[in-house]
Amino acid sequence: MKEYIEERAVEAARYIVEQNATVRQAAKELGISKSTVHMDGTKQNGQAGKMLH
């Protein structure tokens, strides 16, 4: 995975966990789409269609 995508995925995951935030809230805070948060999370996790929980 490209480094910038991995960094973005980690940043989104950290925000969601630390703030007990939704994907929508994380996307808004990071200035990216909800789809990007989902895509990065599933690619980072290596499991298509499953977000990290």
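Helices here are DSSP runs of type H or I with at least four residues, numbered from the N terminus. The model is predicted. Helix H1 covers residues 3-19 and helix H2 residues 23-30, while helix H3 takes in residues 34-45. Directly after H2 comes Gly 31, whose phi is positive, at about 70°.

## Packing of H1 and H2

H1 and H2 pack with their axes 9 Å apart, at an angle of about 125°. Because angles of 65 to 115 degrees count as roughly perpendicular and those over 145 as roughly antiparallel, H1 is oblique to H2. Their crossing is right-handed.

On the H1 side, the contact is formed by Glu 11, Ala 12, Tyr 15 and Ile 16. H2 contributes Val 23, Gln 25, Ala 26, Glu 29 and Leu 30. Sorted by class, the residues of this contact are six nonpolar, one polar and two charged.

Val 23, Ala 26 and Ala 27 are the buried residues of H2. They lie on the same side of H2, because the arc they cover around the axis is only 100°. In general, an α-helix has 3.6 residues a turn, so residues three or four places apart point the same way. Arg 24, Lys 28 and Glu 29 are exposed on the other side of H2.

## Asp 40 in H3

Asp 40 belongs to helix H3. Its relative accessible area is 4%, and since buried means under 20%, Asp 40 counts as buried. Apart from neighbours within four places in sequence, Asp 40 contacts Ile 5, Arg 8 and Ala 9.

Technical notes:
Residues are numbered from 1 along each chain as its sequence is written. This is a predicted model: local features need pLDDT of at least 70, side-chain atom pairs count only at pLDDT 80 or more; totals for chains, interfaces and linings use all residues. Side-chain values use heavy atoms; hydrogens and water are left out. Axes are lines fitted to C-alpha atoms, for helices over the stretch in contact, and angles run from 0 to 180 degrees between N-to-C directions. Helices (H or I, at least four residues) and strands (E, at least two) are DSSP runs, numbered from the N terminus. Angles under 35 degrees count as roughly parallel, over 145 as roughly antiparallel, 65 to 115 as roughly perpendicular and the rest as oblique. A crossing is left-handed if the near helix is turned anticlockwise from the far one by less than a right angle, and right-handed if clockwise. Contact means heavy atoms within 4.5 Å. Ala, Val, Leu, Ile, Met, Phe, Trp, Tyr, Cys and Pro count as nonpolar, Asp, Glu, Lys and Arg as charged, and the others, Gly among them, as polar. Buried means under 20% relative accessible area, exposed over 50%, partly exposed in between (1.4 Å probe, protein chains only). The arc is that of the directions from the helix axis to the C-beta atoms.
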